[in-house]
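Biologist: I have not seen this one before. Can you take me through it?

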Amino acid sequence: MIHTRIDMHEFVARRAALLATMPDNSVALIPAAKEVTRSRDTEYLFCQDKDFYYLSGFHEPDALLVLVKNDPALSMTEAATETVLFCRDKDPEQEVWHGRRVGAEQAEIQFKVDLAYTLDELEQILPMYINGKQTLLFAQGAQAEFDNLVFACLEVLRGGAKQGLSAPNTIVDIRDSIHEMRLIKSDAEIAVMREANVISGNAHKRAMAFAAQGQFEYQVEAEILHEFAANGARAAAYGSIVGGGENATILHYTDNDEVLVDGDLLLIDAGAELSGYAADITRTFPVDGKFNEAQAALYNLVLESQIAAIETIKPGSNFAIANKVANEVLTKGLYELGLLTGELDTLISDKACKKYFIHGLGHWLGLDVHDVGDYQMDENKNQLRSFKAGMVMTIEPGLYIDAEADVDEKWQGLGVRIEDNILVTETGYENLTTTAPKTIADIEAVMAK
Ligand SMILES: [Mn+2]
């Protein structure tokens, strides 16, 4: 049993808010995730579908949440709305082998739904909730097996016209509405994300203190995972990236199986998942605890651009503005280091830093590490979504110089990324990443001990 740190009344309120966005005489279906096979009859650590979790707080696989909005004109007797959960039934034999189940009876009480059924009732009962509704809302295409179940229900209803059954004639993607809600975090969500960040930052600090020549990258990863779990975050929110030397220039390096070497930088992108919510922090530091001149120059440039980008964050600003500032700082700095040549104003307007800054500046953060929510991109890929209090994002500039790049040898194979998690507040921002050392002085001090 995983305990959520969000009060169950908040899940009830989320369902009510989603129901309020639904048209009259509609039904929404939000399925839980399935277990995923790792090998033969063993599964990966279960990860709940985040939309389902956001609306239910329920941790088991295979479940289904049904939200019904009845037509007020058609029914004097029906409730205006109904929330229904289908879940696995209690099964002593299965539970001895595979772990406890809440069961329909307890689920109804614990998760505050109007009604809970067991999964073996699904095929029979689900069509009755869809019957007669005008609009069906679900995430078509997200789960093939679930698509098939829904289409089978629709067939039953279409085939039952003589018995007075009817299928919805409109199918709407439910995701947009849920994702708009998820983009703005509540106080309770922010508290969890703040804590996930404290734990994750401490894990980065632990990695700095531990890392040394001769260690394998995965041994540093083990320190990080230990710090997560020891502090209440059982798992990482995503596959940790622990890349020494040239591996730091591979953006999604997760092999983590090489030996650390003095003189190299080590890039770590790792964050804990706490109560379903992700932290996403990156730090870069020298294996031997001391930045050389070139490493320090590149590092301080990335840091300067990150701080400048973070400073732009406030309600009404947007990613495009933060990007413009980061681009200016990085391009000017690369020009001064001799890594870009030409006319500075032209380099800046051409966003010349993109030669080495090869990914986006940041992304929404929440239940998913690359969280949901529309960026409102224009045709030039400027992300114009206006920031609002309660949004959480990463700001993560990086510079990556290929080992074979045609530049002075001292730059070859260097990769630096610095990533913090930023909450938009009513007056500006709060940097949630408070415990991971970030300045060269702070990093070298931690590593000297
Ligand atoms: Mn990130």
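Modeller: A term to begin with: a crossing is left-handed if the near helix is turned anticlockwise from the far one by less than a right angle, and right-handed if clockwise. Helices (H or I, at least four residues) and strands (E, at least two) are DSSP runs numbered from the N terminus. This is a predicted model, where local features need pLDDT of at least 70, side-chain atom pairs count only at pLDDT 80 or more, and totals for chains, interfaces and linings use all residues. Residues are numbered from 1 along each chain as its sequence is written, and side-chain values use heavy atoms, with hydrogens and water left out.

Biologist: In which hand does α1 pass α7?

Modeller: The crossing of α1 with α7 is right-handed.

Biologist: Which residues meet there, α1 against α7?

Modeller: From α1, R14, A17, L18 and T21 meet S177, I178 and M181 of α7 (contact means heavy atoms within 4.5 Å).

Biologist: New topic. Which protein donors does the manganese ion have?

Modeller: D280 (OD), H363 (NE2), E396 (OE) and E419 (OE) lie 2.1 to 2.4 Å from the manganese ion. Donors are N, O and S atoms within 2.8 Å of the metal (3.2 Å for Na, K and Ca); water is not among the atoms, so sites may look incomplete.

Biologist: How are those donors of the manganese ion spaced along the chain?

Modeller: Their spacing is D-x82-H-x32-E-x22-E.

Biologist: Is E419 buried or exposed?

Modeller: E419 is buried, at 0% relative accessible area; buried means under 20%, exposed over 50%, partly exposed in between (1.4 Å probe, protein chains only). E396 also counts as buried, at 9%.
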